[in-house]
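Morning, everyone. Please have a look at the model on the screen. I'll talk about how its parts pack.

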Amino acid sequence: QVSEALKSIARNQHIKSYIQQSNELYPLLLKAAKRFITGESRIDGIKIANELISKGYFISLEYIWENTTDLKECIKAKDQFLGLIEKMGSLSMNQTVSLDLSHIGLSVNPGTASSHLLELAQKAYQHGITLMISMEESAKTDDILDVYKKTSKHYPNVGITIQANLHRSSHDIQELIHYPGKIRMVKGAYQESSDIAMSRSKELNNRYLDFIEQLIEVNHPTSIATHDEILIQEMRQRQYLTHNAEIEMLYGIRPDLLKDLRGKGYNCKVYLTYGQEWFLYLCHRIAEYPENLYIAVANMIDP
Ligand code: FDA
């Protein structure tokens, strides 16, 4: 409930414009957010991406944007992603771009998202860049998977995120394993009813392990996207962290653990974001793990 309240505060337009107009609050909150986002502009994202790549990490970069039903806004977001792909291409950054389909048209209609994704996939393919589609609320899962499957037939450089907590995911994986794109496995961030998803539990962790095992067995390109140290330790013991698998974590979350894993020679990827919607992103990070509030405040007062 607290986390849902925090998310609605973040979406409140009055609060948003109050922060944007405040000369004191805006820079202070942005400083706090910078523990979790690279900054407001593409240059900020590229700069931190380059620093991480030079330290031996892979990166995935996302332009954060509001979920939009306005076609013009979707086109703007798609163009922003095109610009990002072109910039990364010009720097020979053969890495990953991540996006939500609802930012590029899914909420207008799936056909719009599909044609925008095709355009992005083609550009990314030319530059040797991977595009990873995020997974959103369960009401959108069918549409997201449909758009992914259509694109994946033409562009193997497009991958998909699967939420281990959804009951339907065991069936989806059986099907998706026959498509070439990378599968990013996450536990699931959205609040869903119990007939649709299971909550955090030992049972969910076991399911997560099962799904990763299924992907590793057939040597499918896999992203193990979790910050759960105990789960990662278990996967190391079971030798799931093969050359075709990577461990992917959000920027600013458990960097100590990711550094340690990189030092041990595993493929490690950092998921970076940039954009003006950083306040919503910051609230999401605090909502999912309230201890992040202390980290953000410490960042705020750090000289
Ligand atoms: P879980 O929440 O079970 O926590 C286990 C332990 O991990 C905690 O006890 C703590 O030690 C550590 N931990 C977890 N979160 C932390 C945090 N925020 N700060 C500090 N420590 C933390 N979800 C989704 O629904 N759709 C999507 O497309 C994506 N995409 C995505 C990409 C990537 C690269 C990542 C890492 C995650 C996502 N997610 C996502 C979010 C995902 O579903 C999940 O909500 C979070 O990763 C938290 O779950 P964990 O598996 O990390 O651990």
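Let's start with helices H5 and H6 in this predicted model. H5 covers residues 71-90, and H6 covers residues 110-126. What is the angle between them? About 10 degrees, with the axes 10 Å apart. An angle under 35 degrees counts as roughly parallel, so H5 and H6 are roughly parallel to each other.

Now, who touches whom? From H5 come Leu 71, Cys 74, Ile 75, Lys 78, Phe 81, Leu 82, Ile 85 and Glu 86. From H6 come Thr 112, His 116, Glu 119, Leu 120, Lys 123 and Ala 124. Sort the residues of this contact by class, and you get 8 nonpolar, 2 polar and 4 charged.

Next pair: H2 and H3. H2 runs over residues 13-21, and H3 over residues 25-33. Their axes are 6 Å apart, and the angle is about 105 degrees. Angles of 65 to 115 degrees count as roughly perpendicular. H2 and H3 are therefore roughly perpendicular to each other.

Which residues make this contact? On H2, they are Tyr 18, Ile 19 and Gln 20. On H3, they are Leu 25, Tyr 26 and Leu 29. The classes here are 5 nonpolar and 1 polar, with no charged residues. Keep in mind that the H5 and H6 contact has 4 charged residues.

Let's zoom out to the domains. The chain is divided into two parts: domain 1 and domain 2. Domain 1 takes residues 1-37 plus 275-303. Domain 2 takes 38-274. Their C-alpha centres lie 23 Å apart.

How many residues meet across the boundary? On the domain 1 side, 18 residues are in contact with 16 residues of domain 2. Together the two domains bury about 1500 Å² between them. Carbon and sulfur atoms give 50% of that area. In domain 1, three residues lose the most area to domain 2: Ile 37, Gly 275 and Tyr 281. Together they account for 34% of what that side buries.

One last count. How many salt bridges does the rule find across this interface? The number is 0 between domain 1 and domain 2.

Definitions and conventions:
Residues are numbered from 1 along each chain as its sequence is written. This is a predicted model: local features need pLDDT of at least 70, side-chain atom pairs count only at pLDDT 80 or more; totals for chains, interfaces and linings use all residues. Side-chain values use heavy atoms; hydrogens and water are left out. Axes are lines fitted to C-alpha atoms, for helices over the stretch in contact, and angles run from 0 to 180 degrees between N-to-C directions. Helices (H or I, at least four residues) and strands (E, at least two) are DSSP runs, numbered from the N terminus. Angles under 35 degrees count as roughly parallel, over 145 as roughly antiparallel, 65 to 115 as roughly perpendicular and the rest as oblique. Contact means heavy atoms within 4.5 Å. Ala, Val, Leu, Ile, Met, Phe, Trp, Tyr, Cys and Pro count as nonpolar, Asp, Glu, Lys and Arg as charged, and the others, Gly among them, as polar. Domain bounds come from an automatic or database domain assignment. Buried area is the accessible area (1.4 Å probe) that two parts lose on being put together, summed over both. A salt bridge is a side-chain nitrogen of Lys or Arg within 4 Å of a carboxyl oxygen of Asp or Glu.
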